[in-house]
Amino acid sequence: MEFLGSNILSIDQFNRKDIDLIFKTADSLFPFASRQKITRVLQGAILSNMFFEPSTRTRISFGSAFNMLGGEVRETTEIEATSLAKGESLYDTSRVLSGYSDVIVMRHPLAGSVAEFAEASRVPVINGGDGDNEHPSQALLDLFTIKKELESHNKEIDTARIALIGDLKFGRAAHSLCKILMLYANISIKLVSPDKLKLPDFLISEFEKKNISILETQDIKEGIADVDIIYMTRIQEERFDNVSEANKYKGLMSLNQKIYTKNCEPNTVIMHPLPRDSRKDANELDDDLNQNPNLAIYRQTDNGLLIRMALFCLILGVADKIESSASSVSWFSNKS
Ligand code: NCD
């Protein structure tokens with residue numbers, strides 16, 4: 001794809017060459033994300049970060065990524081704080097905001113709304129999660145993490161064995177991850193979820209069309225055996241008709257150190273898009289895994305910064321100007 005000036009709305013936009021370019025750019029940004037060097041390559045540029053659903057990582061990491069490239073960030077975090085609450089259309093909000101910004105990141109509870117917003121925008125729009133549909137930057141950082149983790153065990157994505165576990169029906173992170181994994185024909189996938197929270201049929205058919213080996217099960221012990229990567233997800237409570245309906249599924253798929261030791265191959269990597277639901281009745285990823293060196297969840301969130309910096313560099317056309325813009329850091333930073 002042509003990155004310059006493009007929206008990032010869905011994983012459908014990318015081929016493997018595009019992903020390689022994003023990953024190469026992300027790698028080149030490591031000295032900047034780890035504060036060994038600084039750059040002002042986006043000096044003067046403005047990001048509007050519009051998050052109309054709860055978010056910690058995605059919002060802050062998009063904002064920090066932009067700041068680390070020297071740009072400024074404006075934020076709105078509630079529909080009620082915008083004129084959308086007064087009946088303004090996405091079209092009008094988009095036309096107006098794109099006059100004030102050079103790029104917009106948007107998260108919205110309705111599937112398809114970010115694409116609708118992007119249609120009206122005069123600047124590139126990145127989908128920070130639209131309802132239960134997609135979360136493309138999350139899938140990119142997840143795949144980047146899978147690649148790094150596997151490489152550290154002398155393995156590669158092409159032949160990876162991956163278990164996706166939890167709410168595969170409503171989880172947009174899982175949907176985008178499935179789409180990106182489909183670009184690697186020799187992988188094998190286990191889909192582990194309660195029957196009512198199965199991956200949507202259209203994604204299963206896509207796997208089948210591509211002859212990718214999939215196994216569906218409701219048994220977490222079967223799911224986590226003989227895989228390289230475990231990708232846990234949260235029950236997406238906010239997408240159910242009511243909380244009591246969601247509560248029926250909480251705690252059904254729960255991983256702790258004992259279950260891990262008993263069922264997993266050594267060095268099975270544990271991932272999660274986060275937030276993990278640490279309430280007692282859910283607890284899909286127990287705290288007792290925190291000291292497990294194969295728990296990659298914080299390496300995953302760190303990688304999010306690199307991927308988001310890379311996306312900004314590519315769509316704003318500065319990827320080849322980063323090195324020449326670098327200077328050293330004159331203040332204390334304990335990032336390593
Ligand atoms: C995910 C999301 O919002 O889709 N979180 C995130 O952005 N890292 C996953 C989730 O909320 O469960």
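Cys264 counts as buried, at 12% relative accessibility; buried here means under 20% relative accessible area, exposed over 50%, and partly exposed in between, with a 1.4 Å probe and protein chains only. Before I go on, this is a predicted model, where local features need pLDDT of at least 70, side-chain atom pairs count only at pLDDT 80 or more, and totals for chains, interfaces and linings use all residues. Residues are numbered from 1 along each chain as its sequence is written, and side-chain values use heavy atoms, leaving out hydrogens and water.

Next, the domains. An automatic or database domain assignment sets the bounds, and it divides the protein into domain 1 (11–134 + 303–334) and domain 2 (136–298). Their C-alpha centres lie 26 Å apart. The contact between them, meaning heavy atoms within 4.5 Å, takes 29 residues from domain 1 and 24 residues from domain 2.

Now the interior. A nonpolar core is a set of buried Ala, Val, Leu, Ile, Met, Phe, Trp, Tyr and Cys residues joined through side-chain atoms within 4.5 Å. The largest one has 69 residues, and Ile22, Leu164, Leu181 and Phe312 have the most contacts inside it. Helix H12 (residues 297–315) gives the largest share, ten residues; helices are DSSP runs (H or I, at least four residues), numbered from the N terminus.

Leu164 touches, among others, Cys178, Leu181 and Tyr231, not counting residues up to four places away in sequence. Another core, of 18 residues, lies apart from the largest one and includes Val227, Ile230, Tyr260 and Ile270.

Last, the ligand. Which residues are around it? They are Thr58, Arg107, His135, Gln138, Arg172, Arg234, Gln236, Pro273, Leu274 and Pro275, each with a heavy atom within 4 Å of the ligand. Some polar contacts, that is, pairs of N or O atoms within 3.5 Å, can be given with distances. Thr58 has a polar side-chain atom 2.8 Å from a ligand oxygen atom, and for His135 the distance to an oxygen atom of the ligand is 2.8 Å. Gln138 places a polar side-chain atom 3.1 Å from a nitrogen atom of the ligand.

Conventions. Helices (H or I, at least four residues) and strands (E, at least two) are DSSP runs, numbered from the N terminus. A polar contact is a pair of N or O atoms within 3.5 Å; within protein, one must be able to donate a hydrogen and the other to accept it, and residues adjacent in sequence count only if both atoms are side-chain atoms.
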